[in-house]
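Hi,

Here is the structure I promised to pass on.

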Amino acid sequence: MRKLLHILFLAISVNSYAQFTTGNLVIYRVGTGSGSLASSGNAVFLDEYTPTGTLVRSLAIPSSDPDGSGPNKQLIASGTATSEGLLNRSVDGRYLILTGYGANTGTSGLAGTTSATVPRVVGIVDYQDNINTSTALTDYASGNNPRSATSVDGTAVWVCGAAGGVRYASSGATTSSAVSTTVANLREINVFQDQLYISTSSGSAVRIGTVGTGVPNTTGQTTVTLPGFATSTGSPYQFMLFDLDATVAGPDVLYVADDGIGLSKYSLVGGNWVLNGTVGLSSDSYRGLTGTISGSTVTLYATRNGGGNASGGGEFVSIVDATGYNAAISGTPTLLATAAANTAFRGIALAPVALSTPNNLSLTFNTTANTAILPPFVSGTINDATDPALTPGVTINVQENAVAIPAANYTLTASSSNTAVVANSGISVNAFDGLAVVKINPTGIGY
């Protein structure tokens with residue numbers, strides 16, 4: 001006896017895998033803790049903390065090639081190079097961007113290797129822990145330290161390090177192009193309000209500067225120091241820009257983590273950046289910095305004392321500055337967490353988030369695969385092992401924003417509206433990348 005089956009309910013949901021929590025902080029940590037830090041390289045971890053300093057979890061970045069000859073590479077860092085490991089979140093908030101070496105731990109003279117031999121790798125990590133280390137550049141920071149990278153939306157990166165100036169590459173590329181060589185030895189690179197910025201302590205022309213106009217990806221750009229910012233002193237690393245005054249166009253308050261001064265605040269007054277004071281000490285060695293804004297109150301999160309010896313070190317602190325535009329920085333650093341022995345804290349960033357636009361999840365019948373049946377109405381036969389609804393089953397396209405969803409990232413369930421015809425136990429679902437196969441085994445007559 002044949003009957004028609006109509007699957008009246010199909011539900012799709014993302015699996016409950018570990019993922020970053022919006023509002024938390026992420027610290028670039030070097031070292032496993034089980035052995036001394038070394039200039040020949042150590043494993044890298046992304047440690048997630050709550051804003052109050054509770055460790056949530058640690059995400060290991062592959063320290064050995066994760067897919068053999070595949071596109072992804074290992075990413076390690078020098079355990080003793082305190083200038084490495086600055087961590088940024090992409091402009092759209094969806095990715096963490098980090099840098100390291102495409103080599104195994106124990107590589108002699110790691111920082112001095114050529115990038116042609118040991119590529120400098122850019123890691124792109126989303127909120128669901130997907131790690132992309134396929135951007136392995138053979139012409140970035142050659143013979144020196146890779147330090148920082150940034151991205152607008154994860155499709156391309158801007159990188160800098162102790163050599164080579166600012167460079168640009170598409171995600172997954174093996175080569176990059178020069179954007180600016182005004183200063184070759186750079187530290188932090190980031191984008192604020194559609195403008196590319198860098199920090200450096202090399203020479204006396206720039207400490208914090210803009211690169212060209214906007215976010216350029218073409219060669220020949222000039223890096224220009226921020227007006228009024230001292231250029232002959234200071235040792236800046238990560239920095240944050242905020243817009244706190246509606247009467248001043250663009251970002252008007254700047255916070256700078258400086259390992260030779262402390263954590264300083266500046267305001268843009270009459271076209272020049274004016275110092276509004278410093279918290280902390282020069283001996284604190286501030287290097288990592290990120291922050292959030294609520295009204296005129298800025299909450300900063302910083303890393304300091306990131307050890308450069310075999311035993312490591314580092315502290316995670318917060319500072320609340322409620323004084324607003326062009327007022328002396330207030331608040332004192334609150335210690336939230338301390339690095340374990342034989343590990344070191346480097347850069348810090350806000351945790352990545354999901355798409356800010358709604359996810360367009362879609363289920364459609366695959367007309368190519370379903371040649372023996374005519375979905376969405378499927379006829380079947382009881383106790384027929386060759387019935388198309390059972391073998392091969394109904395193939396369904398599973399997509400998000402018109403892109404196939406990997407099998408590991410979704411769960412598809414199907415249930416019966418008439419269990420006397422098809423029991424729920426008579427429906428099975430097999431997930432594949434971008435496809436799911438639903439098999440139906442009827443036990444009664446009906447619809």
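**Salt bridges and their surroundings**

Glu-48, Arg-57 and Asp-129 are joined in a network of salt bridges (a salt bridge being a side-chain nitrogen of Lys or Arg within 4 Å of a carboxyl oxygen of Asp or Glu). A quick word on the basis: this is a predicted model, in which local features need pLDDT of at least 70 and side-chain atom pairs count only at pLDDT 80 or more, while totals for chains, interfaces and linings use all residues. Residues are numbered from 1 along each chain as its sequence is written, and side-chain values use heavy atoms, with hydrogens and water left out.

Searching the whole structure gives eight salt bridges. One of them is between Arg-57 and Asp-129, with 2.7 Å between the closest N and O atoms. This pair links distant parts of the chain, 72 residues apart: Arg-57 sits in strand S5 (residues 55–60), and Asp-129 in the loop between strand S9 (120–126) and strand S10 (131–137). Strands here are DSSP runs (E, at least two residues), numbered from the N terminus. Arg-57 and Asp-129 are both buried (under 20% relative accessible area; exposed is over 50% and partly exposed in between, with a 1.4 Å probe and protein chains only).

Next comes Asp-139, which forms a salt bridge with Arg-167, the closest N and O atoms being 3.6 Å apart. Asp-139 is in the loop between S10 and strand S11 (146–150) and Arg-167 is in strand S13 (residues 166–170), so the pair ties together parts that are 28 residues apart in sequence. Asp-139 is partly exposed, at 26% relative accessible area, whereas Arg-167 counts as buried at 14%.

What does the side chain of Ser-176 do here? It makes a polar contact of 2.8 Å with the side chain of Asp-139, and another of 2.7 Å joins the side chains of Ser-176 and Arg-167. (A polar contact is a pair of N or O atoms within 3.5 Å; within protein, one must be able to donate a hydrogen and the other to accept it, and residues adjacent in sequence count only if both atoms are side-chain atoms.) Ser-176 lies in the loop between S13 and strand S14 (177–180) and is buried, with a relative accessible area of 13%.

Finally, Asp-259 and Arg-287 meet through their side chains in a salt bridge (3.3 Å, N to O). Both Asp-259 and Arg-287 are buried.

Best wishes

Terms used. Helices (H or I, at least four residues) and strands (E, at least two) are DSSP runs, numbered from the N terminus.
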